[in-house]
Amino acid sequence: MNDSSWGAPPQAGYWGPSDQGPVQGAGPAGPAYDAHYAQQTRPMPIVPDVPEHGGDQDDDQGTARLSGPLFRDEPFHDQNPSAQPYAAVPQNPEPMPDAPQPAQSQPPPQKKSAGRDLGAAIGVGVGLGVVIVASLFVVKAVFVGVIAVAVVVGLWELTKRLEERKGIKAPLVPLAIGGAAMVVAGYARGAEGAWVAMALTALAVLVWRMTEPPEGYLKDVTAGLFAAFYVPFLATFVAMMLAADDGAWRVLVFLILTVVSDTGAYAVGWRFGKKKLAPRISPGKTREGLLGAVAFAMVAGALCMQFLIDDGTWWQGLLLGLVVAVSATLGDLGESMIKRDLGIKDMGTLLPGHGGIMDRLDSLLPTAPVVWLLLVIFVGS
């Protein structure tokens with residue numbers, strides 16, 4: 001195959017493969033193409049001369065512009081040698097400093113969560129309220145039994161968590177028997193009966209633990225004495241309130257003020273709470289919540305003392321509500337301290353939406369002796 005098959009015309013002075021001279025019929029030396037092929041070509045456009053800038057790259061960029069600038073304010077390439085040709089577009093252009101930035105999509109604000117199943121919590125709370133009120137105003141002895149059952153379950157939860165988390169084996173049997181006896185003795189014999197039952201329970205704990213090896217004896221009996229004082233002995237003051245002639249109304253006022261205090265703290269703290277009250281102990285509690293507890297409890301106390309307690313006055317209710325709000329908050333913080341030390345959130349799971357029995361007794365237990373004492377001062381025993 002010769003070169004003519006690619007469409008190239010024979011050149012002058014081309015020597016064939018025989019090397020015997022020029023090919024026959026070749027034109028005279030001169031242009032690379034003969035006249036026939038020259039007539040089929042198109043003339044090249046005239047390109048204006050562009051000043052050189054000392055490099056092939058500048059020449060190539062300079063020849064890319066056949067005329068003046070694309071826009072009126074665009075400088076000529078020869079006046080700005082470092083400029084890119086207008087056809088060159090950077091791959092990732094930087095945004096102009098004054099150009100408006102696209103609005104970044106912000107995540108929707110998260111709604112505050114109550115942290116528990118409010119439906120279950122309200123249902124369980126209403127159910128407990130019905131049982132308490134029914135037993136309180138029907139037969140007092142039935143309500144004493146309710147207190148004793150709550151004490152025994154609370155002791156079981158507390159001792160179980162101590163053993164699981166700390167390896168402390170507080171003897172449950174003497175605690176449960178002594179705790180129930182404390183409640184009954186407080187209702188029947190008052191403060192003297194409660195103290196005697198407390199002393200006997202402590203002695204029973206010391207003796208019961210002696211039946212096991214001595215390792216850990218001190219920490220086990222110490223935890224047992226703490227549990228006996230914390231749960232049944234403080235609960236005995238509720239039974240002592242019940243023993244008065246208007247005992248049912250006193251207990252009802254005690255329960256109302258404690259529940260209202262907790263509700264006010266939760267409602268105000270959840271809605272307006274910003275400043276932490278005790279972040280190391282209970283991060284969810286706020287100073288605004290404490291103020292809400294005080295305000296709610298004082299209003300409820302004034303109403304309860306004025307209309308529910310014989311010989312009670314509204315100003316006594318204000319003072320009673322203030323003290324209840326403080327004691328209930330301290331009781332809640334105290335149990336939170338215990339749970340934080342144990343590394344748990346709730347003492348149990350018996351009450352859906354609430355946790356365990358101890359999670360409901362935390363504010364009631366330390367408030368009981370305070371309310372009992374103030375009511376004795378205000379209206380007698």
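**A chat about the helices**

Guide: Let's begin with helix 8, whose buried residues pack against helix 7 (247–272), strand 2 (282–286), helix 9 and helix 11. Bear in mind that this is a predicted model.

Visitor: Thanks! Which residues of helix 8 are buried?
Guide: They are Glu 288, Gly 289, Gly 292, Ala 293, Val 294, Ala 297, Ala 300, Gly 301, Ala 302, Cys 304 and Met 305.

Visitor: And what span should helix 8 have at 1.5 Å a residue?
Guide: Its 21 residues should span 30 Å, and the end C-alpha atoms are 30 Å apart, which agrees.

Visitor: Let me zoom out. How many helices and strands are in the protein chain?
Guide: The chain has 11 helices and two strands. Reading from the N terminus, the order is α-α-α-α-α-α-α-β-β-α-α-α-α.

Visitor: What share of the chain counts as buried?
Guide: Of its 381 residues, 36% do. As for contacts between residues at least 6 apart in sequence, 65% of them join residues at least 24 apart.

Visitor: Now helix 5. How far apart are its end C-alpha atoms?
Guide: Helix 5 (residues 172–209) spans only 10 Å between them, while a straight helix of 38 residues would span 56 Å at 1.5 Å a residue. Helix 5 also has a kink of about 150°, centred on Arg 189.

Visitor: How does helix 6 do on the span check?
Guide: The 26 residues of helix 6 (residues 217–242) should span 38 Å, and its end C-alpha atoms are 37 Å apart, which agrees.

Visitor: Where does helix 6 bend?
Guide: At Phe 229, by about 30°. A proline, Pro 232, follows within four residues.

Visitor: Is helix 6 mostly covered or mostly open?
Guide: Mostly covered, with 19 of its 26 residues buried.

Visitor: Which residues touch the most other members of the largest nonpolar core?
Guide: Ile 147, Val 238, Val 251, Phe 254 and Leu 320 do, in a core of 61 residues. Helix 6 gives the most to this core, with 14 residues.

Visitor: What is Val 238 in contact with?
Guide: Setting aside neighbours within four places in sequence, Val 238 contacts Phe 143, Ile 147, Val 251, Phe 254 and Ala 368.

Visitor: How do helix 6 and helix 11 cross?
Guide: Their axes come within 8 Å and cross at roughly 35°, with helix 11 covering residues 364–379. The crossing is left-handed.

Visitor: One last thing: what is phi of Asp 311?
Guide: Phi of Asp 311 is near 65°, a positive value in a residue other than glycine. Most residues other than glycine have a negative phi.

Visitor: Where is Asp 311 found, and is Asp 311 buried or exposed?
Guide: Asp 311 is in the loop between helix 8 (287–307) and helix 9 (314–342). With a relative accessible area of 70%, Asp 311 is exposed.

Terms used
Residues numbered from 1 in each chain as written. Predicted model: local features only at pLDDT ≥ 70, side-chain atom pairs only at ≥ 80, totals over all residues. Heavy atoms only, no water. Expected span 1.5 Å × (residues − 1). Bend = angle between axes of the 7 residues up to and from the residue. Buried < 20%, exposed > 50% of the residue type's maximum accessible area, 1.4 Å probe, protein only. Core = buried A, V, L, I, M, F, W, Y, C linked by side-chain atoms within 4.5 Å. Contact = heavy atoms within 4.5 Å. Axes fitted to C-alpha atoms, helices over the stretch in contact; angles between N-to-C directions. Left-handed = near helix turned anticlockwise from the far one by under 90°.
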